[in-house]
Amino acid sequence: MSLLEFISNDLSGFLYSHTAGFIPPPAVVIGLTLIALCLSLFAFRSSPKIFLLDFACYKPPSSLACTKEMVIQRLKMHANFSDESLELMSNLMKTSGLGEETYLSEGLLRQPMDTSRKAAREEAEMVVFGAVDELLEKTGVKGEEIGIVIVHSSNYNTIPSLASMIVNRYKLGENVLSYNLSGMGCSAGLLSIVLARDLLKANQNTCALVVTTEIITQGCYIGDEPSKLIGNCIFRMGGAASLLSNRPSDRCRSKYQLIHTVRTTTASSDLSYNCIIQEEDHHGHMGITITKDLLVVASKTIRSNVASLAPLILPTSERLLRLANHLIKSFHVANIKLHMPNVKHAVDHFFPHVGARPVQDEMQRILGMSERQMEASRMTLYRFGNTSSSSVWYELAYGEAKGRIRRGDRVWQIAYGSGFKCCSVFWKAIRTVDREEKNPWSDVIDEFPVVDVDPHSRETFPYAFEPLKSI
């Protein structure tokens, strides 16, 4: 059945986003479109349904909460930064969109700062076990019911792996399929859902535990290269765990059903590949370089991903408009721009990766989203900072805490990061989700949204990205 899905998705992607090279006659294009739609419908109905039982986001203790000034002071004590670097980091934080109560790890708050392997391991155990413990308590699922474990952390790797750490802690079975992903960036939380889906299709009557986090204890850059200082300012402690199932009996107690996933990678382009890259500076200090091409690369990759997702979720009228645009451009009938699908009316809830304020602004501009649709993303960045691949789960938790998720609602998560990669996951709410006690927002949700996030937040971001050209 996966072959049918591959064929249908491949045809859809060709028809809606491939504008160079071979140009088929209109009748062939229409015929292939109908075939692709039929195959998609047949494959969707015939595939085993994948359900999201529940998820949990780790909320660190209040003792680890930090203001932006506290973060700057910790960095100042930890390394011999130049005055220029300290001023840049201070301005980056002021304009990043982060609030005054985000979280650092225990190691980064110790005196002196502890960035040892032991401290990083302690952070990993705190976040991963905290999220998984809460998730298993919420769902009531036992260890023997979990047949698949997928864990992602880009920067931090250890032996035994984080996946083995989970198998050991919860005494999972000897036949459990465990996968430890690394280096996949901020999109990996949703890429892990795609992997879980594929494994659940191949293994019947089981559950998949997916854990995504970024361990920040060893991620502090202590040099003076401006392109590597951004990470010190935006990344914060956090993580999330989700539990998926292919058991039909779990539908009645699940929150969401997985409907579509779309992956896009532009890593074959040197510009994309190098726009976020871990490397040493000329003094040997390790850091993550974020080049000035980031917004250009992100814009192109996101547009490609949305163009592939659009045929799967848009109403017929919008699909026909997209097809007409494709034909006009293919046959050079008129000189028109590539049609960007109007997807904002095809979803009820939109949860894009938080990134930082400039990335959020560009995402909003590309898709024409309203401030209400961007609310969860902006508030998550403000309250928890950039928790990397887990940020989209804090956003979904925000929507649930607000009591906005109703039965039948269409939920779109989209994340993007190094590679450059972009991944979309499209869910349908199986039931109305009431406010829950075990939610990282539960004690503060009535204080949000914060209208005036920060008087400095709308100032010019002090790191000049390359200007965007029309695509």
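Modeller: A cavity here is a set of points, on a 1 Å grid over the protein atoms alone, where a 1.4 Å probe fits but cannot get out, and its lining residues have an atom within 4 Å of a point. A volume is the space filled by probe spheres set on the points, which are joined across faces, edges and corners. This is a predicted model, in which local features need pLDDT of at least 70 and side-chain atom pairs count only at pLDDT 80 or more, while totals for chains, interfaces and linings use all residues. Residues are numbered from 1 along each chain as its sequence is written, and side-chain values use heavy atoms, with hydrogens and water left out.

Colleague: How many cavities of 30 Å³ or more does the structure hold?

Modeller: There are two of them.

Colleague: Which residues line the second largest cavity?

Modeller: Its lining includes F55, A56, C57, E134, K138 and K255, together with A397, E400, E436, K438, N439 and P440. By class, five are nonpolar, one is polar and six are charged. Here Ala, Val, Leu, Ile, Met, Phe, Trp, Tyr, Cys and Pro count as nonpolar, Asp, Glu, Lys and Arg as charged, and the others, Gly among them, as polar. β1 (51–57) gives the most, with three residues; α6 and α15 (391–401) each supply at least two. Helices (H or I, at least four residues) and strands (E, at least two) are DSSP runs numbered from the N terminus.

Colleague: And the largest cavity, which helix has the largest share of its lining?

Modeller: α6 does, with four residues. The lining includes S105, E106, R110, E122, M126 and M237, and its classes are three nonpolar, three polar and four charged.

Colleague: Now the open site. What is the volume of the largest pocket?

Modeller: About 1,000 Å³. A pocket is an open set of points with protein on both sides within 12 Å along at least five of seven lines. Of its 50 lining residues, N155, G231, F235, I276 and I288 are the closest to the centre. The lining has 28 nonpolar, 18 polar and four charged residues, and α9 (226–234) provides the largest share, five residues.

Colleague: On to the fold. In what order do the strands of the open sheet run?

Modeller: The nine strands follow the order β5-β4-β6-β7-β1-β8-β13-β12-β11, with mixed pairing. Two strands pair if DSSP finds at least two bridges between them. β5 (177–181) and β11 (349–352) are at the edges, each with a single partner strand, so one side of each has no neighbour in the sheet. From one strand to the next, the twist averages 20°.

Colleague: In which sense do β11 and β12 pair, parallel or antiparallel?

Modeller: They pair in the parallel sense, over four bridges. H349 has V411 of β12 as its bridge partner.

Colleague: Which strands does α6 touch?

Modeller: α6 packs on the sheet against β1, β4 (146–152), β6 (207–213) and β7 (239–245), and its direction makes about 135° with that of β1. Helix α11 (residues 294–313) also packs on the sheet, touching β8 (256–265), β12 and β13 (421–429), at about 140° to the direction of β8. Contact means heavy atoms within 4.5 Å; axes are lines fitted to C-alpha atoms, for helices over the stretch in contact, and angles run from 0 to 180 degrees between N-to-C directions.

Colleague: How many salt bridges are there?

Modeller: The structure holds 26, a salt bridge being a side-chain nitrogen of Lys or Arg within 4 Å of a carboxyl oxygen of Asp or Glu. One of them joins the side chains of K438 and E137, at 3.5 Å from N to O. K438 lies in the segment after β13 and E137 in helix α6, so this pair ties together parts 301 residues apart in sequence.

Colleague: A last topic: the backbone. Is the peptide bond from Q111 to P112 cis or trans?

Modeller: That bond is cis, with omega near 0°, and P112 is in the loop between α5 and α6. The bond from I159 to P160 is also cis, with omega near -5°; P160 belongs to the loop between β4 and α7 (162–169). Most residues other than glycine have a negative phi, and most peptide bonds are trans.
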